[in-house]
Amino acid sequence: MIKQNKMTFLENTGRAVALSFLTLKSRFKNNPENFKKTIRNTSRVFICLPANEQERDAAQNLFPEWKTCFPNAEIIGMNPDSEQTPTDKRIITLEKHDINIWGIPGKRIKDLLVGKPVDIAIDLNRDYDAMSTLLVLMSRAHLRAGYFHEEKTRLYNFLLRTSPEKSTQHAIQALLTYFKTIQ
């Protein structure tokens, strides 16, 4: 029992420190001045699927649609739930062994995100999720997109407001439509 509480404390502390560091670092990074050019010239897109199981199912069903937005880009998805097998081979599952004692993704995930530059990182969580935000910041993407939430405003450079009454599928379609329109 004590060990479990200690692990949770260490994970929370580790994630908080990592988020603070990456937040500070991202403030000094140049934001894309021309979103249209960034979207058109993107070669790699990283998408964090929602942590909520029902929202994740909707996101997985719409995952192939992202290729219509970025036809020439490599698209990688991240499934935060190791219990659920992704329906698309481009979706990688975040396994328990990928997270260190501090609650921070380890070498396999860092290599995936940093090994080859990510141009656009998209967080499909409608609520704030610390792990997804950490992954988006770790990607070092020029364009960090997601849905509006107060915690995300200083970390992302494109946030879409959606009605909480609307379905997840509707919210994802809105984001897809935005990126398709820019193309």
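The model is predicted, with local features needing pLDDT of at least 70 and side-chain atom pairs pLDDT 80 or more, while totals for chains, interfaces and linings use all residues. Residues are numbered from 1 along each chain, and side-chain values use heavy atoms, without hydrogens and water.

Helix α3 spans residues 53-62 and helix α7 residues 168-182; they pack at about 40°, with axes 9 Å apart. Their crossing is right-handed. The contact (heavy atoms within 4.5 Å) involves Glu-55, Ala-58, Ala-59 and Leu-62 of α3, and Thr-168, Gln-169, Ile-172 and Gln-173 of α7. By class, this contact comprises four nonpolar, three polar and one charged residues.

Glu-55 also lines the largest pocket, which holds about 200 Å³ of space. A pocket is an open set of points on a 1 Å grid, probed at 1.4 Å, with protein on both sides within 12 Å along at least five of seven lines; lining residues have an atom within 4 Å of a point. Among the other lining residues are Arg-126, Asp-127, Arg-161 and Lys-166. The lining has four nonpolar, three polar and five charged residues.

Conventions:
Axes fitted to C-alpha atoms, helices over the stretch in contact; angles between N-to-C directions. Helix = DSSP H or I, 4+ residues; strand = E, 2+ residues; numbered from the N terminus. Left-handed = near helix turned anticlockwise from the far one by under 90°. Nonpolar A, V, L, I, M, F, W, Y, C, P; charged D, E, K, R; others polar. Points joined across faces, edges and corners; volume = space filled by probe spheres on them.
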